[in-house]
Amino acid sequence: MGTRERRERSDANDAMLAQLFQGALTVSSINPAQISLAAVGGYGRGELSPGSDLDLLFTHSGLSEKDLAAFIKAMLNPLWSDGRQVDYSVRTPAESKAVSRGDIKVILGLLDMRHLQGNEALTSKIQAMARSQWRRKIHNYLPMVRSSVDVRADQFGELAFLLEPDLKESRGGLRDITTIRALAKSEFVEIELERLATAEALLANVRDELHHVTKRGRDQLLLTEQDAVAAHMEFADADALMLELSRSARAVDYVMQLTWHRIEERLHRISLKRPRRTLLAKGVERYRNEISIPAEYDTTPDPGVGLRAAAFAAQRGMRLSLESALRLSKYFTDLPTPWPAQSRDDLVALIGAGESMIDVFEVLDQEGLISRWIPEWEHVRFLPQRNVLHHHTVDRHMLETAVLAAALTREVHRPDLLLVGALFHDIGKGYEGRDHSEYGAELIVPLALRLGFNEEDAQTLGAMITHHLLLPSIATRRDIDDPQTIEYTKSVVGSAELLELLHGLSIADGEATGRTAWTEWKASLVAELVARTRAAMKGITPPPQPELTQAQLAKVNRKELSVEIVHRGEFLDIEIIVPDSPGLLSAVTAVLTVNRMDVRSAKTRTVHDFAVMNWIVSIDVNVPVTSQSRLHDMVERALESTEDLTLRINDRIRTYARRPGIPVPPPVVTAINQIVTDATILEVRMHDRPALLHTIATAISDFGVDIRGAIVSTLGAEAFDTLYITDLAGAPLSPERADELAQELATILGGKD
Amino acid sequence: MKLITAIIKPFKLDDVKNALNAFGITGMTVSEAMGFGRTRGHTEVYRGAEYTIDLIPKIRLEVVVDSADAEKVIDVIVKAASTGAIGDGKVWAVPVDHIVRVRTGERGLDAI
């Protein structure tokens, strides 16, 4: 099995066609100088798989339709009655030229054209025309090639991650190789074709074997045939075969991406407009609709720059540039253990970006960066899983789960744990003799600690992985009407926080697995189990209002405005002590926003008519950091009027709103009325965006109520704010008014996103 | 011949399947179903706990048997599917005129 057999098969067909051609000539009135027969496509390259069609082209110099029909019928009849699949076209050279101008399939076929019979001059004419047209008009063809590649990938999926891939049409398959070869022939960009050799040989051999096994020309490699194909090709088992196939497809895909990248580079060089570079963060810029790390930026002292760039790319729905990934890999410096908070946040923001994360993650993975940051990942890369439920390899399944989990981040109090749990939920797969849930939990706890999560969060992640199949399994196998079932679930899960995380993970995992594993029917059973278990639990307790330190109380007693800035790496720690007034939070957030300070977390508390505010903000790399005294002055002025600030902020919000974004779930605003304290608790969960806290604070002030305290946190790209609200007299709101406020806030926040 | 259809609680599927296997029935069609019976819209008290019941997920199980066995098969299903609580489901049987095994073309009892 191999190239030689394909060549011999092709030669045998050549001989047979020669006989048929000559035979047809004797029974027709056609002069052999007026017609030629050529092989196109794969057969044109002289390679035929056992079940492949014969792709033929008849070129003639203006013969009558009647003569042609008689000739072709005489020649092909024996093949048809033999059941051979023959795909043929009949054209004059002029017709070929016209058709190939607008049809990418035709021109690609002609590029591989090979003369078989008849007047060779006719064939040569077309060959020369095709080559020259391809080279001269490559600009017109490129968009067509691109769209055909994309359409195919959409329709047939990615070979590397499918459990039942199409060897020819799937992304990274044989047709992509043909396309790359054709692009090389245009000489538009340089392509290292030798990178394809191994992959092409394997893909073609597997395809031949598949045709032998099935005795048909089908190219989809189904689970049921993988054992036989693997055995014939002397692989240890089907998994070993599929792993090799994945590797090959990834190699093809990588060359394809690199090729497009170079093509785009070259197209940009030709255009006169110089693309703008926009610096987004330290070592991260936007350049030609890609996120990249500037070539002059030294990545060695900044190991977090890779994840930072990845998070920016994914959150903006852009790609991470291949050069950047290549450079990161070449000059790799590992992150310290545990990871800095910012890198962990970047990872969460990357995973939480939904669909757009996959491309970015892929680039990092292809350059081996994911496995270097997270060595546990290496074991599940391309790992096939052989069961009827799954469609994807383990690594891709986990990515898909994370994408789906990103849509559920509003349903949980800890979106970061949901996302990280989703990305690693099957990390324990592929270890002989170990239960993947249990072993996965053993792997995730130390991994989470390394990523910089605290012990409690690491244990929660461990429990998520251990129990990620618990809810569906109980819901379908046990009587959820039985209080004992609910009691059991409650005792295993323990907390309402873990319950909502497990619910989110079950949904994302199920949906990512496929329709057979997750139906509405199953979803409703699981939802019912969760509802009943939650009812049996105490519910989630919101955090109490922040406590003040002695030092802070002492400052409050001085009764004057104080502003203090402490630099902490990429963050500023700002303490503001300020006399309370309605709209205070709105005024202070306005000052922070115009100074381009992005609030990552905050705690504020009002005591004795003074507010104590602790802000952790990240700063925009494009502007100098505001000094302490200037910030002091600005806060002082803002307390009198925020009018001019508001104008500037609205400008800023508008500018940012024009940026291409990714789809995010709508905000969730909940008033918690069940818990009676001295203030009404309002929870806001939504995608972070510029001036978010200012928008929230202004909306609440406009509602005519007072913010007594706030706990603000940003988890990746998700904002989670808890606000403590009273009426102007200092009493909690009535449940009706609290719900009204929550609804109004949700409308305001949802409308502007 | 009779077509016996049973609507049962999802978690009872294994029990019912095993009981039918023990009786000698090896083939059956199982599908996911949603529905409600008399209990719709009521708040039910079950073992001391209160629950509101809406459209409920169930399992629909179908099996074709010789008319002579129908009564016994129904008994087997009912016994295996019972928890004694509301929402245990229903079993019914209807006559079947024709049955053909697609692969062999066998008809009637041979095709069961």
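**Strands, a bent helix and a chain contact**

Reader: Which residue of S14(A) stands opposite A:Ala671?
Author: In this predicted model, strand S13 (residues 668-672) of chain A pairs with S14(A) in the antiparallel sense, over five bridges. Within S14(A), the residue that stands opposite A:Ala671 is A:Leu682.

Reader: Which strand do eight bridges join to S14(A), and which of its residues stands opposite A:His687?
Author: The eight bridges link S14(A) in an antiparallel arrangement to residues 718-726 of chain A, which form strand S16. In S16(A), the residue opposite A:His687 is A:Glu718.

Reader: Why is strand S14 of chain A described as largely enclosed by the rest of the structure?
Author: A residue counts as buried if 20 or more other C-beta atoms lie within 10 Å of its own. Strand S14 covers residues 680-687 of chain A, and it is largely enclosed because the number of its eight residues that are buried is seven.

Reader: Where does H3(A) bend, and which proline follows within four residues?
Author: Helix H3 of chain A, residues 65-81, reaches 23 Å from its first C-alpha to its last, close to the 24 Å expected. Beyond the helix comes A:Gly83, with a positive phi near 80 degrees. The bend, of about 40 degrees, is at A:Met75, and the proline that follows is A:Pro78.

Reader: How many residues of chain B take part in the contact with chain A, and how many are nonpolar?
Author: Chain A contributes ten residues to the contact, and chain B contributes twelve.

Conventions: Residues numbered from 1 in each chain as written. Chains lettered and ligands numbered in written order. Predicted model: local features only at pLDDT ≥ 70, side-chain atom pairs only at ≥ 80, totals over all residues. Buried ≥ 20, exposed ≤ 12 C-beta atoms within 10 Å, placed from the backbone. Helix = DSSP H or I, 4+ residues; strand = E, 2+ residues; numbered from the N terminus. Pairing = 2+ DSSP bridges. Contact = placed C-beta atoms within 7 Å. Expected span 1.5 Å × (residues − 1). Bend = angle between axes of the 7 residues up to and from the residue.
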